[in-house]
Amino acid sequence: MIDADRAGKVSITALGTGVPGLDEVLGGGLPEYSFNLIAGAPGTGKTTLAQQIMFALGTDARPALHFTVLGEPTLKLLRYQQQFSFFEPAKMGRSVRFFNLSDDVLSGDLGAVVSTIVREVEQANPAVVVVDSFRSVVRAAGATLGTQLELQAFLQRLALHLTSWQATTFLVGEYLDSEMQDNPVFTVADGILWLYQSVDRNSTVRKLQVLKMRGVAPLPGLHTTRITQDGIHVFPRILKRVVDTDNPRPDTRLSLGVPELDEMLSGGIPAWDSVLVSGPAGSGKSALATQFIAAGLRNREPGLIAVFEERPHEYLARAKTVGPDLDEAVRTGLLEVIYLRPLDLSVDEALLEIQAAVRRVKAQRLVIDSLSGFELALAPTFREDFRESLYRMVGALTGAGVTVFMTAEVGVSFTDLQFSPDLISFLTDDIIIQRYVEIEGALQKVIAVVKMRGSQHDKQLRTYAVTAHGLEIGEALTGYTGIVTGVARRAEDPDESGRAG
């Protein structure tokens with residue numbers, strides 16, 4: 001029911017669609033009694049999306065009414081749709097009803113089509129009406145209606161009848177982007193949901209865009225969708241904060257679990273910062289990440305580790321070889337380790353999974369190990385969005401009070417110093433680098449703090465070793481030149497230089 005508020009405005013009820021992520025994309029839900037178009041190419045999930053909404057909204061008192069038009073037979077349609085978990089056989093014929101309009105459409109009498117729809121709507125008093133495929137009706141209209149104005153009038157009559165009966169309507173059809181111009185279907189519709197499907201090399205990517213939705217402010221852009229056993233799942237591209245808080249950033253420092261490194265950081269990582277540890281393979285990035293989490297667990301700070309390159313049990317087993325045993329924290333629920341490595345992974349899927357786990361654990365410390373594995377797990381299409389999406393996630397999490405610790409692998413270079421791959425270093429507040437240096441014919445590990453926003457830090461290069469107790473920091477490398485290039489040489493003694501001169 002539509003009511004007017006004190007200011008005289010009409011309030012529009014937002015309906016929950018039953019499609020994970022879609023309500024958020026729509027700005028809170030689907031406007032009740034709206035007249036909508038679900039469009040896209042074959043195989044994008046249009047029918048599945050419409051039926052998922054039908055089963056979510058249909059009730060015995062106000063059922064969902066589905067009109068099929070020259071598409072696949074109803075029995076065939078139901079045979080496949082009942083494979084999804086949202087399909088409830090008990091609702092068939094009661095909360096969800098099907099009616100075939102093929103005979104009316106084939107007759108070419110669009111007046112009969114409207115009359116049949118209106119008659120069934122009057123009898124059923126539905127909350128939801130779906131016409132699939134409405135494109136078939138439009139094609140039939142093209143044969144009997146001579147002008148675009150006549151077609152628009154037909155659509156407006158249909159929309160008027162349906163909205164007057166307070167039904168939320170979906171017209172489902174296969175359309176191309178080029179057909180939007182001067183097409184009365186797109187003009188009359190209150191909302192347009194467009195589904196896309198693209199193939200990039202050996203990966204398939206589905207996306208959804210809300211091109212139009214009267215009365216609400218939907219999230220802009222293309223949002224990843226995935227068809228699973230449960231139906232359509234939408235992954236919004238704009239992440240919100242894990243919790244709504246106006247609390248100011250605390251003036252505290254978090255220990256990394258390595259006292260000497262905390263000293264180099266002027267007391268540790270500022271709370272709610274994002275820190276990047278970059279270095280070549282085998283330099284001890286994961287070991288330092290484990291120590292960071294363990295330091296928080298000792299203070300009863302919940303933690304989350306997101307891994308992309310090995311299974312959680314493998315990660316926990318390896319963590320024992322460099323110090324802390326995290327198994328007890330996992331058993332008690334203080335720590336969770338999640339594995340994100342499916343093929344064709346999208347950025348937003350992964351980030352939303354991380355955000356959901358942060359909310360579930362109430363994590364104060366998050367480790368992403370590693371960004372390199374994260375990017376490799378993505379479908380090629382999504383790698384273009386990697387930095388932008390990562391930036392949004394880091395901002396959402398740190399703004400909600402989570403300190404984010406990320407690792408990234410960089411190649412070994414003996415000509416320059418690399419901070420991170422793909423120019424992602426600007427995303428973080430703090431940067432710690434690890435690298436190998438050749439000193440007198442032997443490789444040594446060197447660590448340095450190269451960036452801390454709003455804070456002083458030690459700028460020395462110091463040696464370190466990865467031991468059974470974690471990272472152990474050694475002395476500063478003084479008396480050497482060329483350390484940044486990876487080939488260190490002893491600085492010449494001034495007296496000896498003078499004598500040699």
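**A walk through the model**

Start by selecting Gly-401, which comes after helix α16 and has a positive phi, near 95 degrees. Keep in mind as you go that this is a predicted model.

Now step back to α16 itself, residues 386-399. Colour the helix by burial and you'll find it mostly covered, with 10 of its 14 residues buried. Among them are Phe-386, Leu-390, Arg-392, Met-393 and Leu-397.

Next, go for the largest nonpolar core, a set of 35 residues. Leu-261, Ile-305, Phe-405 and Ile-432 have the most contacts inside it. Several elements each supply at least two residues of this core, including α9, β14 (274-279), β15 (303-307) and β20 (442-452). Which element gives the most? That's α10, with seven residues.

Zoom in on Phe-405. Leaving out residues up to four places away in sequence, Phe-405 touches Leu-256, Val-275, Val-277, Phe-292 and Ile-368, to name some of its partners.

Then select Asp-262, which sits in helix α9 (residues 259-264). Asp-262 is buried but has no salt bridge: Arg-298, the nearest side chain of opposite charge, is 7.8 Å away. What does its side chain reach instead? Look for a polar contact of 2.6 Å with the side chain of Ser-255, and for the backbone nitrogen of Leu-256 at 2.8 Å. Beyond its neighbours within four places in sequence, Asp-262 is also in contact with other residues, including Gly-267 and Gly-268.

The last stops are about backbone angles. Most residues other than glycine have a negative phi, and most peptide bonds are trans. Here are some exceptions to click on:

- Trp-272 counts as buried because its relative accessibility is 16%, under the 20% cut-off.
- Arg-300, in the loop between α10 and β15, is another non-glycine with a positive phi, of about 65 degrees. Arg-300 is exposed, with a relative accessible area of 59%.
- Asp-369 and Ser-370 are joined by a cis peptide bond, with omega about 5 degrees. Ser-370 is in the loop between β17 (365-369) and α14 (371-377).

Definitions and conventions:
Residues numbered from 1 in each chain as written. Predicted model: local features only at pLDDT ≥ 70, side-chain atom pairs only at ≥ 80, totals over all residues. Heavy atoms only, no water. Helix = DSSP H or I, 4+ residues; strand = E, 2+ residues; numbered from the N terminus. Buried < 20%, exposed > 50% of the residue type's maximum accessible area, 1.4 Å probe, protein only. Lys, Arg positive; Asp, Glu negative; His and termini not counted. Salt bridge = Lys/Arg side-chain N within 4 Å of Asp/Glu carboxyl O. Polar contact = N/O pair within 3.5 Å; in protein donor to acceptor, adjacent residues only side chain to side chain. Contact = heavy atoms within 4.5 Å. Expected span 1.5 Å × (residues − 1). Core = buried A, V, L, I, M, F, W, Y, C linked by side-chain atoms within 4.5 Å.
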